[in-house]
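Please look through the structure below with the sequence beside it. The notes after it are arranged by topic, for a first reading.

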Amino acid sequence: DRIKKNPINRAMRIDKFTLAGLESILRFYRDPHTVFENIPTLAMISAPVELVDRRAKKLARRLRKSIGGCCTVTIVDIMSRVGGGAMPEQNLSSRGVALQPVDMGVSHLEKALRNLDVPIISRIEDDRLLLDMRTVADDELAMVDRGLQQVLSPGA
């Protein structure tokens, strides 16, 4: 009722679907024990660096076996940027898996990963492709490995 009476409601023209979505998200915040399980962005932001480091080591091991002949694979300390909202330009310590392809330009690799059916988003720094492991979940490691194998295979 308070939302209906608020003048911002009229200006924003919030419909029932928007209110229902907002309500469902706000309900997650009522239980601090499950909010991180239900809102992936919060899980990424709150992940301890040790967890991110373990994930980086797992992916690096996989990649060295599967694409080690096509790329150098290293683990590097990086900063993740949280971005907009309540935390504009907030940086978090993170770990990245850095790739330097042997027979392909870094920008070509980045573009090829973006163009996969399930895009793999990375960034380029110091002529290396970086995968920020704060933003890759454990259950996505195999998908990242397959995507890299796909774009680095001959004829890709």
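The briefing below goes through the pocket, the salt bridges, the surface patch, one loop and some pairs along the chain.

This is a predicted model, in which local features need pLDDT of at least 70 and side-chain atom pairs count only at pLDDT 80 or more, while totals for chains, interfaces and linings use all residues. Residues are numbered from 1 along each chain as its sequence is written, and side-chain values use heavy atoms, with hydrogens and water left out. Helices (DSSP runs of H or I, at least four residues) and strands (DSSP runs of E, at least two) are numbered from the N terminus. A residue is called buried under 20% relative accessible area, exposed over 50%, and partly exposed in between, with a 1.4 Å probe and protein chains only.

**The largest pocket**

- The largest pocket has a volume of about 270 Å³, where a pocket is, on a 1 Å grid over the protein atoms alone, an open set of points where a 1.4 Å probe fits, with protein on both sides within 12 Å along at least five of seven lines.
- Its lining, meaning the residues with an atom within 4 Å of a point, has 14 residues, and the closest to the centre of the pocket are Met-44, Ser-80, Arg-81, Asp-132 and Thr-135.
- Two or more lining residues come from each of helix 5 (40–46), strand 1 (71–81) and strand 4 (128–132), and helix 5 gives the most, with three residues.
- Sorted by class, the lining of the largest pocket holds six nonpolar, four polar and four charged residues; here Ala, Val, Leu, Ile, Met, Phe, Trp, Tyr, Cys and Pro count as nonpolar, Asp, Glu, Lys and Arg as charged, and the others, Gly among them, as polar.

**Salt bridges**

- The structure holds ten salt bridges, each being a side-chain nitrogen of Lys or Arg within 4 Å of a carboxyl oxygen of Asp or Glu.
- One of them joins Lys-57 to Asp-53, with the closest N and O atoms 3.1 Å apart, and both residues lie in helix 6 (residues 49–67), four residues apart, which is about one turn of the helix.
- Lys-57 counts as partly exposed because its relative accessibility is 41%, whereas Asp-53, at 17%, is buried.
- Another salt bridge links Glu-125 with Arg-123, where the closest N and O atoms are 2.8 Å apart; Glu-125 is partly exposed at 32% relative accessibility, and Arg-123 is partly exposed at 26%.
- Salt bridges that share partners also join Asp-53, Lys-57, Asp-77 and Arg-95 into one network.

**The loop between strand 3 and strand 4**

- Asp-126 sits in the loop between strand 3 (123–125) and strand 4, and the side chain of Asp-126 meets that of Arg-128 in a salt bridge (3.8 Å, N to O).
- Asp-127 lies in the loop between strand 3 and strand 4 as well.
- Phi is positive at Asp-126, near 50 degrees, in a residue other than glycine, and Asp-127, which is not a glycine either, has a positive phi of about 55 degrees.
- Asp-126 counts as exposed because its relative accessibility is 65%, and Asp-127 is exposed at 56%.

**A nonpolar patch on the surface**

- Leu-22, Ile-25, Leu-26 and Tyr-29 form a nonpolar patch on the surface, with about 380 Å² of accessible area together.
- Such a patch is made of residues with over 30% relative accessible area and no salt bridge, the nonpolar side chains (Val, Leu, Ile, Met, Phe, Trp, Tyr) being joined within 5 Å, and the areas come from the Shrake-Rupley method with a 1.4 Å probe.
- Leu-26 belongs to helix 3 (residues 16–29) and is partly exposed, with a relative accessible area of 48%.

**Pairs along the chain**

- Leu-63 lies in helix 6 and is buried, with a relative accessible area of 0%; the C-alpha atoms of Leu-63 and Ala-11, 52 residues apart along the chain, are separated by 51 Å.
- Lys-4, in helix 1 (residues 2–5), is exposed at 65% relative accessibility, and the C-alpha atoms of Lys-4 and Ile-14, ten residues apart along the chain, are separated by 9.3 Å.
- Val-118, in the loop between helix 7 (106–114) and strand 3, is partly exposed at 47% relative accessibility, and Val-118 and Thr-72 are 46 residues apart in sequence and 23 Å apart in space, C-alpha to C-alpha.

Technical notes: Patch = residues over 30% accessible without salt bridge, like charges linked within 9 Å, V, L, I, M, F, W, Y side chains within 5 Å. Points joined across faces, edges and corners; volume = space filled by probe spheres on them.
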